[in-house]
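Let's take a friendly walk through a protein model together. Keep the sequence and the 3D view side by side, and look up each residue as we come to it.

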Amino acid sequence: MTVAQAVVEYLSQQYTVDTVGGVEYRERLIPGTFGIFGHGNVAGVGQALKQYQQQDPTLMPYYQGRNEQAQVHQAVGYARHTRRRQTYAISTSIGPGSSNLLTGAALATTNRLPVLLLPSDTFATRAADPVLQQLEQPYAYDITVNDAFRPLSKFFDRVNRPEQLFSAFHHGLRVLTDPAETGAVTISLPQDVQAEAFDVPVEFLAEREWRIRRPDADDADIARAVQAIKAAKRPLIIAGGGVLYAYANDELAKFAELTGIPVGNTQAGVGVLPWDHAQSLGAIGSTGTTAANAIAAEADLIIGIGTRYEDFTTASRTAFQNPDVRFVNINVAPIDAYKHGTTLPIVADARKALVKLNAALGGYRVGADLKQKIEAEKQRWDATVDEAFDTRYTPLPAQNEIIGATNRAMDARDVVICAAGSLPGDLHKMWRVRDPFGYHVEYAYSCMGYEIPGGLGVKRAAIAEAASTTAAGGESAPVRDVVVMVGDGSYLMMHTELVTAVAERIKLIVVLIQNHGYASIGSLSEMLGSQRFGTQYRALNEEQHSFDEGETLPVDLALNAESLGVKVVRIEPGEKVIAELEQAIRDAKAAPEGSGPILIHVESDPLLDAPSSESWWDVPVSQVSELDSTKQAFQTYVDHKSRQRKLLG
């Protein structure tokens with residue numbers, strides 16, 4: 001076989017095995033391969049995929065994409081929805097084909113989500129040297145473009161000889177399926193090696209199972225945590241994505257109900273509890289609810305479960321103002337369990353740790369004063385969101401109204417998708433989630449352009465989920481609708497995968513919010529004294545060389561989507577915008593599966609902000625300036641900075 005043929009057949013035989021609550025699941029680790037072909041992989045991986053497609057189309061299905069980075073985003077969206085049990089492989093050509101993967105690799109690793117990258121590389125033999133698109137470094141001739149993946153990947157290897165294939169993929173897939181280590185796994189395949197023939201041991205091509213490790217909590221660590229919890233007067237749980245990946249929702253709910261301890265959630269943790277659960281305070285931190293942030297400010301014990309404590313989560317270390325605050329951190333990854341200098345780390349699967357805590361905490365319950373404050377703060381925030389959703393601005397609505405309309409139009413099992421900009425923050429604090437799979441916002445890397453390809457990956461997983469349920473003998477499950485919410489700035493970054501959805505007739509619903517610029521950074525710029533510089537889409541004023549005050553660009557993104565083959569619904573400005581938007585989403589949901597993507601275009605007023613989180617985010621302000629706006633912003637910055645803490649405890 002050639003090396004590429006061996007890779008494709010090997011990947012088709014890999015399975016993940018996972019046991020949750022006594023139930024065992026077995027699924028294909030790599031259900032398909034994405035690829036954009038060039039001279040680096042067309043005769044290698046491309047030939048292998050074509051050969052197996054003719055022999056057995058189910059062995060390794062091939063999927064097209066329009067951009068290499070977007071293919072990674074599709075794989076990441078799929079991996080998140082399958083709770084890291086499955087992901088895709090991505091094959092690229094050399095040079096720009098490979099380097100286009102870099103942003104996707106960083107996003108996957110930052111989000112702790114598995115993706116298998118197979119970038120092609122220049123000739124291992126150097127027979128033709130330098131080849132087209134080869135990077136040459138005079139001080140180190142063994143460096144190629146693909147070495148840029150080293151700091152972005154959780155595992156990197158280069159297969160310079162066919163025999164290296166065995167160890168490269170064995171160790172690569174070990175990392176790919178490890179909850180504590182997973183991220184981008186990059187195995188670089190030189191273009192000549194891909195096409196080289198060698199004798200492949202049958203053992204390499206046999207079925208292999210990768211059992212997802214779910215380490216149990218040490219009893220001594222649990223005992224120390226129980227002691228700290230029982231001594232706490234105002235404890236608070238911060239639940240992150242690790243709760244979802246461990247399928248620990250039910251145990252978290254039991255823990256919160258047993259003890260009365262309130263729960264705040266990170267971006268990745270939205271869905272750990274329904275929004276209206278008695279102990280759910282909603283989002284926490286810089287984009288959090290006033291309820292979660294009010295409780296956090298006074299908390300004397302933080303119980304972090306499956307969170308990596310991003311600066312938005314801790315409000316840049318200003319969220320916790322109790323001088324005696326301590327941290328109990330439960331995480332499968334040691335790097336996260338030990339954060340904030342805690343002396344109470346529990347390195348374990350979230351579900352298994354919670355099972356033990358629930359068994360050991362009998363009789364403990366928070367005091368009546370905290371219970372009353374939780375209820376009061378929840379009522380205050382719910383009223384705030386109701387007002388934001390129901391206030392009507394004309395002729396252009398606020399983004400809050402658009403979020404409210406989308407939330408109301410979607411079913412509980414549907415999934416909302418977003419990434420960078422002002423939308424993630426507004427969704428985090430206001431979205432009323434009702435299902436553990438109902439919210440997917442990429443905010444670890446906050447990557448503009450993730451939304452459409454990421455949403456397409458989630459939709460692929462939702463289709464497979466429904467098919468799997470039916471095949472297992474259950475009732476025919478409806479496919480979850482996936483609704484992408486995206487601003488014009490992110491849409492312009494990477495809308496090309498709409499063509500992929502058109503080609504495969506995948507029903508993806510996109511709500512495109514047109515506000516003619518970068519609303520999020522515009523607002524932040526104004527707060528920092530930079531007067532929304534460079535954040536508006538305007539024609540160039542040549543005299544001042546400014547894009548801030550010229551005419552609005554005559555860009556028609558709805559027409560752009562139509563030109564790609566997408567069905568488009570335009571919502572015209574006026575008094576009926578929200579009612580028409582809500583109906584348009586319901587109509588899109590009613591369209592049959594296999595009817596292709598639908599884009600709903602709506603304009604908004606970018607100057608109408610969401611309700612305040614009564615929190616802060618650390619973005620440095622110029623210490624000296626000739627602008628009065630910057631001077632004022634710096635004084636505000638100094639005031640907030642004085643509340644920042646090291647949080648060692």
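A salt bridge is a side-chain nitrogen of Lys or Arg within 4 Å of a carboxyl oxygen of Asp or Glu. Before we use that idea, a word on what you are looking at: this is a predicted model, in which local features need pLDDT of at least 70, side-chain atom pairs count only at pLDDT 80 or more, and totals for chains, interfaces and linings use all residues. Residues are numbered from 1 along each chain as its sequence is written, and side-chain values use heavy atoms, with hydrogens and water left out.

Now find K589 and D411. They form a salt bridge whose closest N and O atoms are 3.0 Å apart. To say where they sit, we need helices (H or I, at least four residues) and strands (E, at least two), which are DSSP runs numbered from the N terminus. K589 belongs to helix α22 (residues 577-590), while D411 is in the loop between α15 (399-409) and β16 (415-418), so this pair ties together parts that are 178 residues apart in sequence. K589 counts as buried because its relative accessibility is 14%, whereas D411 is partly exposed, with a relative accessible area of 45%.

How many salt bridges are there in the whole structure? A search finds 41. One of them joins D369 and R234, with 3.2 Å between the closest N and O atoms. D369 lies in helix α14 (residues 368-390) and R234 in the loop between α8 (219-231) and β10 (235-239), so the pair ties together parts that are 135 residues apart in sequence. Here D369 counts as partly exposed at 47% relative accessibility, and R234 counts as buried at 18%.

Another salt bridge links D618 with K641, and its closest N and O atoms are 2.7 Å apart. D618 is in the loop between β21 (598-603) and α23 (628-641), and K641 is in helix α23, so the parts tied together are 23 residues apart in sequence. D618 is buried, with a relative accessible area of 18%, while K641 is partly exposed at 34%.

Salt bridges can also join into a network. D411, D414, K459, D481, K507, K589 and E593 are linked in this way. Let's stop at K459, which lies in helix α17 (residues 451-471). Is K459 buried or exposed? It counts as buried, because its relative accessibility is 0%. Its side chain makes a polar contact with the side chain of E593 at 3.0 Å. A polar contact is a pair of N or O atoms within 3.5 Å; within protein, one must be able to donate a hydrogen and the other to accept it, and residues adjacent in sequence count only if both atoms are side-chain atoms. Contact in general means heavy atoms within 4.5 Å. Not counting residues up to four places away in sequence, K459 touches V479, R480, D481, V482, I506, K507, L508 and E593.

Next, visit T87, in the loop between α3 (68-81) and β5 (89-92). T87 counts as buried, at 0% relative accessibility. Its side chain reaches the backbone oxygen of P114 at 2.7 Å. Leaving aside neighbours within four places in sequence, the residues in contact with T87 include L29, I30, A75, P114 and L176.

Now for the rings. Rings of Phe, Tyr and Trp (its six-membered ring) pair if their centres lie within 6.5 Å; planes under 30 degrees apart count as stacked, over 60 as edge-to-face and the rest as tilted. The whole structure has 15 aromatic pairs. Among them is the edge-to-face pair of F320 and F327, at 5.7 Å centre to centre with 85 degrees between the planes. F320 counts as buried at 0% relative accessibility, and F327 is buried at 1%. Elsewhere, Y10, F166, F169, F198 and F204 form one aromatic cluster.

Finally, look at the cysteines. A disulfide is a pair of cysteine sulfur atoms within 2.5 Å, and a search of the whole structure finds zero. For C418, the nearest cysteine sulfur is that of C447, 12 Å away. C418 counts as buried at 1% relative accessibility, and C447 is buried too, with a relative accessible area of 7%.

Methods: Buried < 20%, exposed > 50% of the residue type's maximum accessible area, 1.4 Å probe, protein only.
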